Amino acid sequence: AAAQGVGAVWLVLDDGGLGMVAQGMDHFFSKDGDIGRWQPAYALGRNDLVAFAQALGADAYRADDPVSLRRALAAALQAAAAASRPQVVVARIDPVPRPPYYQDPGLTPPAA
């Protein structure tokens, strides 16, 4: 995208590892109360994905909470149009919570 002057925006969810793999292993091979057991096996550490995106020619932003995510997305959208450069927003997320697609059918939905 940088070489072609494309102002695309990417949102990277940084969980410090292969989160979907670890969550799948938890879902299929862990017992209740054992969630998160597979996280260490698929941890990649806290690599600097902002610096990596910049090294590839993109503008990049780090978001550590909802407020900084809103700001980073707004800045990235504005810069993508104005500069015709790729934009990357790296949002740090918690790797442990089980995503909704791994919920067992028939479970009572959580209270609102």
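Which element gives the largest share of the lining of the largest pocket? Select α2, which supplies three residues of that lining.

Before you go on: this is a predicted model, where local features need pLDDT of at least 70, side-chain atom pairs count only at pLDDT 80 or more, and totals for chains, interfaces and linings use all residues. Numbering runs from 1 along each chain as its sequence is written, and side-chain values use heavy atoms, leaving out hydrogens and water.

**Stop 1: the core.** Pick V50, A53, A58, A60, V88 and V90, the six residues of the largest nonpolar core (buried Ala, Val, Leu, Ile, Met, Phe, Trp, Tyr and Cys residues joined through side-chain atoms within 4.5 Å; buried means under 20% relative accessible area, exposed over 50%, partly exposed in between, with a 1.4 Å probe and protein chains only). Two elements give two or more residues each to this core: α2 (49-55) and β3 (87-92) (helices, H or I, have at least four residues and strands, E, at least two, as DSSP runs numbered from the N terminus). Now click A58: leaving aside residues up to four places away in sequence, A58 touches A53, R85, P86 and V88 (contact means heavy atoms within 4.5 Å). Then try A63, A72, A76 and A91, which are among the five residues of a second, separate core.

**Stop 2: R37.** Hop to the loop between α1 (19-29) and α2, where R37 is found. R37 counts as partly exposed because its relative accessibility is 44%. D26 is 11 residues from R37 along the chain, with 6.8 Å between their C-alpha atoms.
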